[in-house]
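Try each one by eye before you read the solution.

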Amino acid sequence: TARLYKNRIEIEGIDDFKMMINIADIVESQVQYKDVFEIITKDKRIRLWRKIPKWSAYLWANCVKIIKKI
(Lines give C-alpha, C1' and ligand atoms only; values in the text may rest on other atoms or scores of the structure.)
Protein backbone atom coordinates (compact mmCIF):
# COMPACT_ATOMS: atom_id res chain seq x y z
CA THR A 1 0.00 0.00 0.00
CA ALA A 2 1.27 3.47 -0.84
CA ARG A 3 -0.20 6.82 0.18
CA LEU A 4 0.77 10.10 -1.42
CA TYR A 5 0.66 13.27 0.68
CA LYS A 6 1.79 16.79 -0.20
CA ASN A 7 5.10 16.32 1.64
CA ARG A 8 5.70 12.55 1.78
CA ILE A 9 4.92 9.07 0.47
CA GLU A 10 4.11 6.37 3.02
CA ILE A 11 4.62 2.76 1.97
CA GLU A 12 3.45 -0.39 3.76
CA GLY A 13 4.33 -3.86 2.57
CA ILE A 14 4.58 -7.50 3.50
CA ASP A 15 5.71 -8.56 7.00
CA ASP A 16 5.01 -5.18 8.64
CA PHE A 17 7.40 -3.36 6.28
CA LYS A 18 6.93 0.42 6.52
CA MET A 19 8.77 3.28 4.86
CA MET A 20 8.32 7.03 4.56
CA ILE A 21 9.91 9.09 1.80
CA ASN A 22 9.92 12.87 1.96
CA ILE A 23 8.96 14.44 -1.36
CA ALA A 24 11.90 16.86 -0.98
CA ASP A 25 14.30 13.86 -0.92
CA ILE A 26 13.06 12.49 -4.25
CA VAL A 27 15.50 13.11 -7.09
CA GLU A 28 13.41 11.38 -9.77
CA SER A 29 10.12 9.51 -10.14
CA GLN A 30 9.42 7.50 -13.24
CA VAL A 31 7.57 4.59 -14.77
CA GLN A 32 9.49 1.41 -15.44
CA TYR A 33 8.31 -1.55 -17.50
CA LYS A 34 4.83 -2.99 -16.95
CA ASP A 35 3.38 -0.31 -14.67
CA VAL A 36 6.21 -0.26 -12.11
CA PHE A 37 6.55 3.04 -10.24
CA GLU A 38 10.15 3.90 -9.38
CA ILE A 39 11.26 6.51 -6.83
CA ILE A 40 14.90 7.57 -6.77
CA THR A 41 16.46 9.42 -3.84
CA LYS A 42 20.14 10.27 -3.31
CA ASP A 43 20.84 6.88 -1.78
CA LYS A 44 17.87 4.62 -2.61
CA ARG A 45 15.93 3.28 -5.56
CA ILE A 46 12.47 2.02 -4.63
CA ARG A 47 10.18 0.17 -7.05
CA LEU A 48 6.49 -0.31 -6.35
CA TRP A 49 4.36 -2.78 -8.27
CA ARG A 50 1.40 -5.13 -7.91
CA LYS A 51 0.74 -8.52 -9.44
CA ILE A 52 -2.68 -7.26 -10.50
CA PRO A 53 -2.50 -3.59 -11.55
CA LYS A 54 -4.91 -1.53 -9.49
CA TRP A 55 -3.34 1.88 -9.97
CA SER A 56 -1.40 3.68 -12.67
CA ALA A 57 2.35 4.04 -12.19
CA TYR A 58 2.25 6.79 -14.83
CA LEU A 59 -0.23 8.76 -12.72
CA TRP A 60 1.86 8.32 -9.56
CA ALA A 61 5.09 9.41 -11.28
CA ASN A 62 3.45 12.51 -12.72
CA CYS A 63 1.75 13.44 -9.44
CA VAL A 64 5.08 13.29 -7.60
CA LYS A 65 6.68 15.51 -10.26
CA ILE A 66 3.85 18.06 -9.97
CA ILE A 67 3.95 18.09 -6.16
CA LYS A 68 7.73 18.66 -6.25
CA LYS A 69 7.16 21.79 -8.37
CA ILE A 70 4.68 23.32 -5.91
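**Exercise 1.** Find which residues lie nearest the centre of the largest pocket.

*Solution.* Start with the lining: 15 residues, with Thr1, Glu12, Leu48, Trp49 and Arg50 nearest the centre. A pocket here is an open set of points on a 1 Å grid over the protein atoms alone, where a 1.4 Å probe fits, with protein on both sides within 12 Å along at least five of seven lines; lining residues have an atom within 4 Å of a point. Next, sort the lining by class: nine nonpolar, two polar and four charged residues. Then look at the strands (DSSP runs of E, at least two residues): β2 (8–12) and β6 (45–48) each give at least two lining residues.

Keep in mind that this is a predicted model, where local features need pLDDT of at least 70, side-chain atom pairs count only at pLDDT 80 or more, and totals for chains, interfaces and linings use all residues. Numbering runs from 1 along each chain as its sequence is written, and side-chain values use heavy atoms, leaving out hydrogens and water.

**Exercise 2.** Work out which residues of α1 are buried and where they sit around the axis.

*Solution.* First, pick out the buried ones (under 20% relative accessible area, 1.4 Å probe, protein chains only): Ala57, Trp60, Ala61, Val64 and Ile67. They span an arc of only 130° around the axis, so they're on the same side of α1. Finally, check what covers the buried residues: β1 (2–4), β2, β4 (26–32) and β5 (36–41) are included.

How values were computed. Helices (H or I, at least four residues) and strands (E, at least two) are DSSP runs, numbered from the N terminus. Ala, Val, Leu, Ile, Met, Phe, Trp, Tyr, Cys and Pro count as nonpolar, Asp, Glu, Lys and Arg as charged, and the others, Gly among them, as polar. Buried means under 20% relative accessible area, exposed over 50%, partly exposed in between (1.4 Å probe, protein chains only). The arc is that of the directions from the helix axis to the C-beta atoms. Contact means heavy atoms within 4.5 Å.
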